[in-house]
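This dialogue takes up how side-chain contacts may be read from a model. Please consult the sequence and the coordinates while following it.

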Amino acid sequence: MINVLFFGPVAERARTRQASLDFREGLRWQDVRDTLRVRHPEAFEIVSIVAINGARVDEQDTSLLTDGAEIVFMSAFSGG
């Protein structure tokens, strides 16, 4: 199972804070994103930060996911 968390405005647009997808061999985070983008297109319009198991990744990261992986999708934020 792949556990997915949505934070902040991304969660608001997705109307959920979490999702899960069945694990399969050869799965990459981009596959998870593409699957969820179909379900929540308005949420993925603002995703700019992705983390896997607590480590930030970028589009060039093509590492395979492991069963039980946690992926976080969030938008950029600012504070003061």
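Q: On what basis are the values computed?
A: This is a predicted model, in which local features need pLDDT of at least 70 and side-chain atom pairs count only at pLDDT 80 or more, while totals for chains, interfaces and linings use all residues. Residues are numbered from 1 along each chain as its sequence is written, and side-chain values use heavy atoms, with hydrogens and water left out.

Q: How many aromatic pairs does a search of the whole structure find?
A: Rings of Phe, Tyr and Trp (its six-membered ring) pair if their centres lie within 6.5 Å; planes under 30 degrees apart count as stacked, over 60 as edge-to-face and the rest as tilted. Searching the whole structure gives three such pairs. One of them is the edge-to-face pair of F6 and F44, at 6.2 Å centre to centre and 85° between the planes. Because F6 lies in strand β1 (residues 2-6) and F44 in helix α3 (residues 41-44), this pair ties together parts 38 residues apart in sequence. Helices (H or I, at least four residues) and strands (E, at least two) are DSSP runs, numbered from the N terminus.

Q: Is F44 buried or exposed?
A: Buried means under 20% relative accessible area, exposed over 50%, and partly exposed in between (1.4 Å probe, protein chains only). F44 has 8% relative accessibility and therefore counts as buried; F6, at 0%, is also buried.

Q: Why is the pair of F44 and F73 edge-to-face?
A: The ring planes of F44 and F73 stand at 70°, with centres 5.0 Å apart, so the pair is edge-to-face. F73 belongs to strand β5 (residues 70-74) and F44 to helix α3, so the pair ties together parts 29 residues apart in sequence.

Q: How many salt bridges does the structure hold?
A: A salt bridge is a side-chain nitrogen of Lys or Arg within 4 Å of a carboxyl oxygen of Asp or Glu. The structure holds four. Among them, E45 and R13 meet at 3.3 Å, N to O. E45 is exposed at 61% relative accessibility, whereas R13 is partly exposed at 34%.

Q: Which residues do salt bridges that share partners join into one network?
A: R33 bridges to D34, with the closest N and O atoms 3.0 Å apart, and E59 bridges to R33 at 2.7 Å. Salt bridges that share partners join R33, D34, R37 and E59 into one network. Within it, R33 counts as buried at 12% relative accessibility, while E59 is partly exposed at 42%.
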